[in-house]
Amino acid sequence: MELGYIGLGNMGGALARRLLREHKMRVFDLRPEVVARFADAGAVPTQSAQALARESDMVMTCLPTSAEVRDVLFGDGQVAEVLRPGQIFADMTTGDPGETREMAARLAEKGVQMIDAPVSGGPHGANAGTIAIMVGAPTELFARVKPIFETISPNIFHTGDVGTGHVMKLVNNVISAGERAVTFEALAMGIKNGLSPRPAPRSCRRAAPAAPRPSSHCRNC
Amino acid sequence: MQKGSARSATTELALPKLLKGDFTVRFTLALMHKDVRLATKLGNDSATPMVLANLVRELFQTVINEHGADKDTQTLVKLFERNAGVAIAPRG
């Protein structure tokens, strides 16, 4: 399967580099210098998103928001115009589930299957090959694309039909944002009440040990 | 906290960096706000009250207005530092 990757930013770039280790891949980004860097690494550079889409069996995107994905497909990028029946459009953006389902329905009219496959774990997780990929796709299509995603990371999760990958990602990030906020608030209260910022987290590490530790091992308490 | 019941991505990954004063941009406030906004929109569209997530979204909006959307999510700590009048991250 010939792959094409649109959007080589922080996240997309890291994901594309993983794919490039095992796949022939076309790449496109609005910044020519980034495309050139990928060409040096063995990717096939393309002049436009449309040119990439013509030559790829599976077109992948990782863009800032669903608005840019829509623009690539139906706006300036005009990718939808050249997509053919049987091609797969896989969006790895952290996107809007509603918008994604709407775009998927429009592409389905052309016989093109859109799936969502957002990631969690950041560029570091992508580079390390540990990133989580949450795939929203019909079951038989998931089985076909799974081996491709597995060249990025073994942590692939089928979340349901198209759109559910994005839903899972949003659930993930609400939890992440919420626990960040409440942790900071609680720490501020702790510090105001006598904990010192540096030792506090270290001594808290011993707060509820699974088993009593010999005091000689408990240097921070 | 890492060995206790408050263990989380924040205590394992974010806090050690924060306590060294590391505010390197890894994930921007803008992106985090976008994700929470999309989630609360989904909640709204599906008649699911998201009391906490809506609150968290506004916390991120507040810190964005004060410090800029392109800063790292760690910057959220400054809101709580100011509210309490204490320093969590070292000043630098």
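Contact here is a matter of C-beta atoms, placed from the backbone, lying within 7 Å of each other, while helices are DSSP runs of H or I with at least four residues, and strands are E runs of at least two, numbered from the N terminus. The residues that make up this H9(A)–H4(B) contact split into six nonpolar, one polar and three charged; Ala, Val, Leu, Ile, Met, Phe, Trp, Tyr, Cys and Pro go down as nonpolar, Asp, Glu, Lys and Arg as charged, and the rest, Gly included, as polar. The two axes come within 9 Å and cross at roughly 35°, with lines fitted to C-alpha atoms over the stretch in contact and angles running from 0 to 180 degrees between N-to-C directions.

The model is a predicted one, in which local features need pLDDT of at least 70 and side-chain atom pairs pLDDT 80 or more, whereas totals for chains, interfaces and linings use all residues. Residues are numbered from 1 along each chain as its sequence is written, and chains are lettered from A and ligands numbered from 1 in the order in which they are written.

Stepping back to the whole interface, 37 residues of chain B touch 33 of chain A. On the chain B side, H1 (9-18), H2 (29-45), H3 (51-67) and H4 (77-84) each give two or more residues, and H2(B) gives the most, with eight. That side comprises 23 nonpolar, eight polar and six charged residues. Chain B itself has four helices and zero strands, and 33% of its 92 residues count as buried, that is, with 20 or more other C-beta atoms within 10 Å of their own.

As for Val27(A), its contacts beyond four places in sequence include Tyr5(A), Leu8(A), Phe38(A) and Pro45(A).

Technical notes: Two residues are in contact if their C-beta atoms, placed from the backbone, lie within 7 Å. A residue is buried if 20 or more other C-beta atoms lie within 10 Å of its own, exposed if 12 or fewer, and partly exposed in between; C-beta atoms are placed from the backbone.
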